[in-house]
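Me: Please take a close look at the surroundings of the ligand in this model. I would like one connected description.

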Amino acid sequence: MTAALAPRTRPTLPGTLERGLLAPTTAVFLAVAAGFVVLDAAGVVVPPAVQAVPFAASVLLFGLPHGALDHLVPARLDRRIGVARSIATVVLLYAVLGGATALLWALAPLPAFIVFIGVTWFHWGQGDLWVDRALRGARASRLDGALTVAVRGALPMLVPLVAHPADYLGVVSGTTRLIDPASGGPGSVAPALRVGLAAALLLLVVAHLLVRRRVGGPVRAAAAEIAVLALFFAAVPPVLAVGLYFTFWHAVRHIVRLELLEPGGAEGLARGRLLAPFGRFMRDAWPVTLAAVLLLAGLALVLHDAGLGTYLVLIAALTTPHTVIVTWMDRVGLRARRG
Ligand SMILES: CC1=C(/C=C/C(C)=C/C=C/C(C)=C/C=O)C(C)(C)CCC1
Ligand SMILES: [Fe+2]
């Protein structure tokens with residue numbers, strides 16, 4: 001990375017991002033979690049419409065747009081790939097994998113939601129693995145990678161199930177019933193299962209941090225983020241928590257990653273120009289975001305619902321090909337690191 005070659009007196013990219021973006025995000029998530037511990041103790045219930053605000057905002061802000069430059073990623077990562085070929089390949093990938101995901105939702109919505117949770121678990125986990133590796137120097141070990149992905153994906157996908165099973169299953173059944181009113185999933189989670197899942201996750205976190213210490217890489221920063229996110233997803237109602245995480249954690253980090261592929265992007269970020277890339281990104285991403293919003297409107301007409309469920313079905317169809325693109329980015333990055 002360029003920053004590693006810079007003289008010590010100059011600000012480094014990881015240092016600037018840690019101080020200017022990553023640590024403040026963790027602090028805000030901690031404050032939100034603490035706020036909800038207090039609200040909960042006071043018996044305050046946040047209305048569903050308020051809980052859905054981050055997801056609603058994510059249609060235009062960071063969330064939905066964060067995949068809107070996927071069609072340019074192959075060309076930016078590999079100079080041998082021209083822009084036309086890059087766009088054609090990614091459009092085909094989205095048509096085939098997005099179409100297959102949509103078909104699964106049409107035929108079997110409950111299994112489709114379970115697959116969606118699995119894909120999100122992997123994809124959000126891989127997002128945080130990139131931060132640990134590219135910005136914090138985690139070693140490229142297979143075991144460390146697998147444990148990081150498992151733990152980081154489990155925080156948004158498993159902790160809400162353990163802490164708020166009724167809300168969680170309500171979102172799943174509310175969504176699947178949009179497609180098949182007879183679709184039924186489990187109505188509750190047995191207390192013993194909740195305890196078992198929490199214990200399994202705790203063991204996984206311990207194994208992850210031990211392996212991380214052995215292979216080399218951030219332990220303190222990772223442990224702090226994991227602790228804050230565990231508290232966050234335990235304390236904050238699931239729709240609000242997952243919406244905030246998607247928009248301000250996962251998508252923001254991916255936009256930073258894309259900025260690093262721009263000429264001069266790393267230098268600008270290292271010098272502390274942290275806001276400009278987001279403006280530039282939103283400008284570049286708006287045409288494809290608009291296309292996604294039109295798809296969302298079409299889907300809302302078909303499903304007779306303009307709420308969270310319809311949005312989740314659209315995100316599910318887009319996330320499968322988006323995850324393939326990001327996995328490819330990870331592979332190219334790994335090859336470059338191994339030389
Ligand atoms: C809303 C919500 C859920 C699922 C959200 C998912 C799966 C979102 C995926 C978003 C993606 C993949 C965005 C792209 O990066 C749960 C956890 C089932 C229950 C709690 C509320
Ligand atoms: Fe993503």
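Reply: What follows describes the shell around ligand 1. This is a predicted model, in which local features need pLDDT of at least 70, side-chain atom pairs count only at pLDDT 80 or more, and totals for chains, interfaces and linings use all residues. Residues are numbered from 1 along each chain as its sequence is written, chains are lettered from A and ligands numbered from 1 in the order in which they are written, and side-chain values use heavy atoms, with hydrogens and water left out.

Around ligand 1 there are 17 residues, and Phe 116, Thr 120, Trp 124, Phe 246 and Thr 319 come nearest; a residue counts as near if one of its heavy atoms lies within 4 Å of the molecule. The side chain of Trp 124 also has an N or O atom 3.0 Å from an oxygen atom of ligand 1. For the side chain of His 250, the corresponding distance from an N or O atom to an oxygen atom of the ligand is 3.4 Å. On its own, ligand 1 has 540 Å² of accessible area (Shrake-Rupley method, 1.4 Å probe), and the protein covers 99% of that area.

Helices are DSSP runs (H or I, at least four residues), numbered from the N terminus. Those that each supply at least two residues of the shell are H7 (109–135), H9 (165–179), H12 (238–259) and H15 (308–338). H7 gives the largest share, five residues.

By type, the shell holds 12 nonpolar residues, five polar ones and no charged ones. Here Ala, Val, Leu, Ile, Met, Phe, Trp, Tyr, Cys and Pro count as nonpolar, Asp, Glu, Lys and Arg as charged, and the others, Gly among them, as polar.

Methods. A polar contact is a pair of N or O atoms within 3.5 Å; within protein, one must be able to donate a hydrogen and the other to accept it, and residues adjacent in sequence count only if both atoms are side-chain atoms.
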